[in-house]
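Keep the structure open beside you as you read.

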Amino acid sequence: MAEIVLKVTSPSFEDGDWIPRKHSARGEDLSPPLVLEGISPDAKAIAITLDDASHPLISNYNHWVIWDIPVQNSIPEAIPHGPSVDSLGHAVQGKAYGKHRYKGPKPPLKAVHTYVFTVFILDCTCGISPRSKKADLLKTMQGHVLQKSTLSGKFRSRT
């Protein structure tokens, strides 16, 4: 049986392209909408991380971590702040640069950074505390990731 390939896209930007300012901390700081194609029929939950892959001091500096999202083909734009997201089936946002919230790109002026959204399709819910960070989530997900895919974008702060 062929493996089902997960594809993550956004109507806001193409993979590897520029992330719109409204999705940055220099703009409206709204999480972008995400579209998921090819989700495994065994999926029970979704988790998402956003990392700055170009951070000069901390490798893959974490901007956002959210888990226990009910299985769905699209994640809406502008996920509300807070440890529990009622409008997203009580998904949990943990502690990252954006504590209990999406915190979009905000590189130093003139710098171009690459940001990576990673979507994990899981065979269970995580059930971990909102005080958890990305490392806690990754540990909890070990052995439960059915699929994983990324969407990357670039951002440069204006001078």
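This is a predicted model, and a search of the whole of it turns up three aromatic pairs. Take the one formed by tryptophan 64 and tyrosine 102: the ring centres are 5.2 Å apart and the planes meet at 85 degrees, so this pair is edge-to-face. The cut-off for that label is an angle over 60 degrees. Tryptophan 64 belongs to strand 5 (residues 61-69), while tyrosine 102 sits in the loop between strand 8 (91-93) and strand 9, so the pair ties together parts that are 38 residues apart in sequence.

Are these two residues buried or exposed? Residues count as buried under 20% relative accessible area. Tryptophan 64 has 2%, so it is buried, and tyrosine 102, with 1%, is buried as well. There is another ring to look at here: the charged end of lysine 103 sits over the ring of tyrosine 97, at 5.8 Å from the ring centre.

Stay with strand 5 for a moment, and find aspartate 68, which also has its place there. Its phi is near 60 degrees, a positive value in a residue that isn't glycine. Aspartate 68 is buried, at 13% relative accessible area. Aspartate 29 has a phi near 60 degrees too, again positive in a residue other than glycine. Aspartate 29, though, lies in the loop between strand 2 and strand 3, and it counts as buried at 9% relative accessibility.

Now step back to the whole chain. How many helices and strands does the protein have? There is one helix, along with 10 strands, and in sequence order the pattern reads β-β-β-β-β-β-β-β-β-α-β. The radius of gyration is 15 Å, close to the 15 Å that the globule rule gives for 159 residues, so the protein is as compact as a globular protein of that length. Along the principal axes, the C-alpha atoms fill a box of roughly 50 × 35 × 30 Å. Of the 159 residues, 45% count as buried. Among contacts between residues at least 6 apart in sequence, 72% join residues at least 24 apart.

On to the strand pairing. Strands of a sheet pair through backbone hydrogen bonds, either parallel or antiparallel. Three strands make an open sheet in the order 1-3-6, with antiparallel pairing. Its edges are strand 1 (7-9) and strand 6 (74-75), each of which pairs on one side only. Strand 1 meets strand 3 (residues 34-37) in the antiparallel sense over three bridges, and you can find one of the pairings by looking at valine 8, whose bridge partner in strand 3 is leucine 36.

With 1% relative accessibility, serine 157 counts as buried. What does its side chain make a polar contact with? The partner is the side chain of arginine 26, at 2.5 Å. Leaving out residues up to four places away in sequence, serine 157 touches Arg26, Lys106, Pro107, Pro108, Leu109, Lys110 and Ala111.

One of those neighbours, lysine 110, is found in the loop between strand 8 and strand 9. Lysine 110 has a relative accessible area of 60%, so it is exposed. Its C-alpha atom is separated by 13 Å from that of serine 54, 56 residues away along the chain.

Last stop: aspartate 42, in the loop between strand 3 and strand 4 (45-52). Not counting residues up to four places away in sequence, aspartate 42 touches Leu122, Asp123 and Leu146. The C-alpha atoms of aspartate 42 and phenylalanine 13 are separated by 29 Å, and the two residues are 29 apart along the chain.

Notes. Residues are numbered from 1 along each chain as its sequence is written. This is a predicted model: local features need pLDDT of at least 70, side-chain atom pairs count only at pLDDT 80 or more; totals for chains, interfaces and linings use all residues. Side-chain values use heavy atoms; hydrogens and water are left out. Two strands pair if DSSP finds at least two bridges between them. Helices (H or I, at least four residues) and strands (E, at least two) are DSSP runs, numbered from the N terminus. Rings of Phe, Tyr and Trp (its six-membered ring) pair if their centres lie within 6.5 Å; planes under 30 degrees apart count as stacked, over 60 as edge-to-face and the rest as tilted. Buried means under 20% relative accessible area, exposed over 50%, partly exposed in between (1.4 Å probe, protein chains only). A charge sits over a ring if NZ of Lys or CZ of Arg is within 6 Å of the ring centre and within 35 degrees of the ring normal. A polar contact is a pair of N or O atoms within 3.5 Å; within protein, one must be able to donate a hydrogen and the other to accept it, and residues adjacent in sequence count only if both atoms are side-chain atoms. Contact means heavy atoms within 4.5 Å. The radius of gyration is taken over C-alpha atoms; the globule rule is 2.2 Å times the number of residues to the power 0.38.
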